[in-house]
Amino acid sequence: MLRVLALVAVAALVAGACSKKKTPTTGASSGGTTATKNVKIEFFGALSGDYKLLVIHGFQAAELAFEQANTGKFGKLPVKITIEGQDTGGSAEQASPLADKVVNDSSVVGIIGPAFSGESAGVGDRFDQAGIPFITPSATDDALATHGWTHWFRGVGNNSDEAKGAVPYIQNILAPNCTSVASDGTAYGHGLAAIVFNQLSDLSLSVKPEEQVQPGQKDYSALVSKVASAGCKVFFYGGYSPEGGLIRKQMTDAGLKDVVMVGGDGLKDDTFLSVSGKSGDSTIAACPCVSPSDVASGGAANADQITTFISDYKAKFGEDPGIYALEGWDIAQIYIAAFKAGKTDRAGITDFVRNVINFPGLAKTYSWEPDGELFPADRTMYLYQDKGGQWTFLGNAKDVSAPPA
Amino acid sequence: MAVSTRVTAEGAPISGRRNFLGWAIFLALVGIGLWWGIASGHCEQHLSGWVRLSTTGLTLGAIYAMIALGYTMVYGVLQLLNFAHSEVFMIGTFAGLYTITKLFGVTGSKYPNGVGGVFLVAVLLGAILLAGLASGITAVVMERLAYRPLRKGGASRLGYLITAIGVSLFLSNLFLLLDGQTHLGLPFKWPAIAGRAPLAYPETMKLTNVFRIFGVPIQNRQILVIAVAVVMLLILDFFVYRTQAGMGIRAVAEDPETASLMGVNITAIIVITFFVGGLMAGGAGLLYGVFFGEAQFNIGFLPGIKAFTAAVLGGIGNVRGAMLGGLLLGLIENLGVACIGIQWQPVIAFAVLVLVLMFRPTGLLGEQVGG
């Protein structure tokens, strides 16, 4: 009996480590007889677990894009594209063996991701040395641009941009007596909290030293006690939604309902809404992400395309496209454009991506600096607020946070 | 009955005077540190801050104490550090959740303001009972399948320890996989019980402030946790020190061979010990779930480690020591962060543990069950 138990335990561990979503996009190319090359695009990110809702929409949008591309919707392609989801759980440890496997697979010509900053820092060197282009739809730690990677591109603004979105709102609109700051200690969370702390200090606003919690914890009572003692009316949290939602809930439970929580893109998903429940109301998230329905209804020039995307997405996945869906779609489209231009190997595609200028995506246009950051003009920051259990679009951070006249 | 003389690791009695001097120096050092910290502005300046940290510390400490009992009792009778006890606790959080939502039908949408009155009492009692039972049965099955074969085969203590770690990993990974998807290449879907993402507890009891101490609100949920924990600890204390089965547990802990010669059924005592330890962990799991609002496959890890620490702090194998250790650990780790960042919370807890063990290697109350 013991042996059976032991065997099952080992098997369970192995299965846990190897979990992977493979989605060969179906739909034969319309050409049929011409010899098409099979290429793979890998998506790296947390496709299950606590952080899933921050990542899954980008993956699904890319899946949709490649599926449509294979049917010839975007013109004839010299390749048949397969997208594979590599479920990293959001951690560098889990991403590491997956990365090793991917770099050795010569049919892999591009990567979307890694979705988070910590895992990007953990495996980026390997992708860069293998010469695979890797475009992240959502990793925002500033330090990622300092690794000297020549195959890395960031499809959104970075933490400094997020801070520039959040800090003026704190300064001009919330105008608190002081701000408490905490993070989850990750590359993303601590990076963002530290920048916000510095920017608030530079403005000579009163700000408390950063406290750090452990990700995955349930008990934040010590942090709540400290926030209560500090007495600040604003609490900035650098981190992700599962922890952020619990902290918000425990703060409200402890009588800190009036303290406004402000965070970055890591908070802006449905996990935050469900975990914090009613307590989440009034929380502000600064996000480089674009909400598809808000952009479409806001009268964007490409509103028709976005509306088509939303209905296709809903038809395929039975849900609305969430955070980073448009970015995932856009990055997939950049790869598709490279294939259309006849680039079907790692070097050619990297070269193509590096040289795109004002690539028209659904979320924004894309042009990259030599270090892999977007041009500043492409890094718009938006503010969202949890109102009645929904993330409500407040608008472009610059407009929303303008000092009252 | 167990002897309650305090002894050092070598077995020599500690002289009362040296003992007293040691404590006096320790407390004086802590006092000076605190005075300097408050005077220089490094520590919490408001009394309300200290009160707030103390109340959360006591609430958590009560939960640690309940979990710590399982570690300490099993160690007492088997000299086994049952690291899978944290998973026994985890199963309690799930059993409590499903009792509340499925058996009593309490969901957030149906009762947005929680339930009250007699129904609330019924829900909580039912949930504590079933969570305790689920965990107790888990612990007993664990003993039967994993530890008894080792005992019969005369395995080394290292064998026990590795088995315990294996059982712990097995259970947490099993709950990770029970997410309603197909796994391990099997053609059917696994039952959707847990999975990677946390499951939320409904707000069973509407949160209200019952009274205030120095302006710090004390909530009904905190009172619930502490009250239930104290009642369960008292019942357990009565069970261990005042009943025949309890006497059996203490007898086996002290000298299994003599106990068995006196007609004590060791196997039965071990099963009872696992069951009672599991019962307490299940009750703690329910309280933890109600207090923090979540159940998850890895929820037992941190409270488990801390409860183990609490058991060692109080004197592993010592039931009252585990209770004291739990409360103290909860207080220390919360009060400790009054002076430094909360990222140091685990460091403080373990530094205190190391310090205590340096001066009192057998823990605060010594190692014997019934000490």
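Trainee: Helices of at least four residues and strands of at least two are DSSP runs, numbered from the N terminus. With that settled, where is A:P114 found?

Mentor: Please keep in mind that this is a predicted model. A:P114 sits in the loop between β4 (108–112) and α4 (117–130) of chain A.

Trainee: What kind of peptide bond joins A:G113 and A:P114?

Mentor: The bond between A:G113 and A:P114 is a cis peptide bond, with omega at about -10°.

Trainee: Which phi value does A:A175 have?

Mentor: A:A175 has a positive phi of about 40°, although this residue is not a glycine. A:A175 belongs to the loop between α5 (159–174) and β7 of chain A.

Trainee: And in chain B, where is B:Q79 placed?

Mentor: B:Q79 is in the loop between α2 and α3 (85–103) of chain B. B:Q79 is not a glycine, and its phi is positive, at about 55°.

Trainee: Let me turn to sheets. In what order do the seven strands of the open sheet in chain A come?

Mentor: The order is β8-β7-β9-β10-β11-β14-β15, and the pairing is mixed. At the edges are β8 (211–212) and β15 (390–396) of chain A, each of which pairs on one side only.

Trainee: Do β7(A) and β8(A) pair in the parallel or the antiparallel sense, and over how many bridges?

Mentor: β7 (residues 179–183) of chain A and β8(A) are parallel, and two bridges link them. Within this part of the sheet, A:S183 stands opposite A:Q212 in β8(A).

Trainee: How do β2 and β3 of chain B run, parallel or antiparallel?

Mentor: β2 (residues 209–213) of chain B runs antiparallel to β3(B), and four bridges join the two strands. For example, the bridge partner of B:F211 in β3(B) is B:I218. The two strands form a hairpin with two residues between them, and B:F214 in the turn has a positive phi of about 50°.

Trainee: Now for charges. How many salt bridges are found over all chains?

Mentor: A search of the whole structure finds 17 salt bridges. One of these salt bridges is between A:D312 and A:K73, whose closest N and O atoms are 3.5 Å apart.

Trainee: Why does the pair of A:D312 and A:K73 tie together parts that are apart in sequence?

Mentor: A:D312 lies in helix α11 (residues 303–317) of chain A, whereas A:K73 lies in the loop between α2 (52–70) and β3 (79–87) of chain A, so the pair connects parts that are 239 residues apart in sequence.

Trainee: Let us move to where the chains meet. How many residues does each chain give to the contact?

Mentor: Chain B gives 39 residues and chain A gives 36 residues. The two chains bury about 3300 Å² between them, with 59% of that area on carbon and sulfur atoms. On the side of chain B, the residues that lose the most area to chain A are B:R196, B:F292 and B:I342, together 20% of what that side buries.

Trainee: How many salt bridges are counted between chain B and chain A?

Mentor: The count is two salt bridges. A:K218 forms a salt bridge with B:E294, with their closest N and O atoms 2.8 Å apart. The count of residue pairs in polar contact between the chains is twelve.

Trainee: Which element gives the most to the side of chain B that touches chain A?

Mentor: α2(B) gives the most, with six residues. The residues on that side divide into 22 nonpolar, twelve polar and five charged.

Terms used
Residues are numbered from 1 along each chain as its sequence is written. Chains are lettered from A and ligands numbered from 1 in the order in which they are written. This is a predicted model: local features need pLDDT of at least 70, side-chain atom pairs count only at pLDDT 80 or more; totals for chains, interfaces and linings use all residues. Side-chain values use heavy atoms; hydrogens and water are left out. Contact means heavy atoms within 4.5 Å. Buried area is the accessible area (1.4 Å probe) that two parts lose on being put together, summed over both. A salt bridge is a side-chain nitrogen of Lys or Arg within 4 Å of a carboxyl oxygen of Asp or Glu. A polar contact is a pair of N or O atoms within 3.5 Å; within protein, one must be able to donate a hydrogen and the other to accept it, and residues adjacent in sequence count only if both atoms are side-chain atoms. Ala, Val, Leu, Ile, Met, Phe, Trp, Tyr, Cys and Pro count as nonpolar, Asp, Glu, Lys and Arg as charged, and the others, Gly among them, as polar. Two strands pair if DSSP finds at least two bridges between them.
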